[in-house]
Amino acid sequence: MTTQKIVTPSAESLAQSARAAQKGGLPPVHLWNPPFCGDLDMRIARDGTWFYLGTPIGRPALVKLFSTILRKDGDNYFLVTPVEKVGITVDDAPFVAVDFNRQGDGLEFQTNVGDRFVAGPDNPIRVVRDPDTGEPSPYILVRANLEALIDRKSFYRLVDLGAHADHAGKSWFGVWSQGVFFPIIPSAELE
C-alpha cells in the first residue's frame with residue numbers, strides 16, 4: 001500500500017508550477033484538467049489589485065505570472081497548473097485595460113499586466129449599464145473568457161473617437177476597430 005502525500009496549494013507552489021510551465025508565451029491552461037484543490041485566499045479587486053491572504057501582492061512580476069495561469073470556467077475563476085487547480089475571487093473583471101492606441105484601423109489595448117491586443121472580432125468591446133444609475137462599465141475580451149474593465153480615462157478617450165452607426169436596426173453611438181462597430185449607447189439617449 002502506498003501513501004499519497006496531500007499537498008495544500010499556496011501562492012508559492014502555484015508560482016513555482018507556473019514558472020515551470022512557461023516556455024515563451026502563455027501556458028496552455030485551456031488544455032490542463034488537474035484536480036480541484038480547493039479555494040485559495042486570493043482576490044482580484046475591481047481596480048486590478050491582486051491580494052493574497054488579505055494583503056496586496058506588491059511584486060508586479062508575480063502578479064503577471066499568476067495572470068498567465070488564470071482561467072474562467074462558467075462564472076468561476078481559477079489558477080491552473082498542470083497539477084493543481086485552485087479557486088480565487090474576482091470582484092469584477094480580472095484585468096484592467098489601462099491604455100490604448102490607434103494601430104491602423106484598430107485600437108490596440110494594454111492591460112495592467114502588460115497584455116496587448118487589438119479590439120476586433122476576437123477581442124470585442126461591450127458596455128454594461130447599471131440598471132439603477134445608468135453608469136456604463138466598459139469591458140474588452142482579453143483572451144478565453146477573460147475580460148478587462150476599461151479604465152475611466154481610456155473610456156473617455158474611446159468616447160472622443162465615437163461615431164453614430166446603424167446597429168441591430170437602430171442608430172447607436174460607439175467605436176470602430178478592425179472594421180467592427182462596438183455600440184456604447186443608443187443614439188436617441190444622447191439627445
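Biologist: What makes Phe66 count as buried or exposed?

Modeller: Phe66 has 1% relative accessibility. Buried means under 20% relative accessible area, exposed over 50%, and partly exposed in between, with a 1.4 Å probe and protein chains only. Phe66 therefore counts as buried. This is a predicted model, in which local features need pLDDT of at least 70 and side-chain atom pairs count only at pLDDT 80 or more, while totals for chains, interfaces and linings use all residues. Residues are numbered from 1 along each chain as its sequence is written, and side-chain values use heavy atoms, leaving out hydrogens and water.

Biologist: Why is the pair of Trp50 and Phe66 called stacked?

Modeller: Rings of Phe, Tyr and Trp (its six-membered ring) pair if their centres lie within 6.5 Å; planes under 30 degrees apart count as stacked, over 60 as edge-to-face and the rest as tilted. The centres of Trp50 and Phe66 are 6.3 Å apart and their planes are at 15°, so the pair is stacked.

Biologist: What is the relative accessibility of Trp50, and how is Trp50 classed?

Modeller: Trp50 is at 1%, so Trp50 counts as buried.

Biologist: What makes the pair of Trp176 and Phe181 tilted?

Modeller: Their centres are 5.1 Å apart, with 55° between the planes.

Biologist: Why is Trp176 called partly exposed?

Modeller: Trp176 has 42% relative accessibility, so partly exposed is the class. Phe181, at 10%, counts as buried.

Biologist: Which residue lies over the face of Phe100?

Modeller: Arg157 does, at 4.2 Å from the ring centre. The rule asks for NZ of Lys or CZ of Arg within 6 Å of the ring centre and within 35 degrees of the ring normal.
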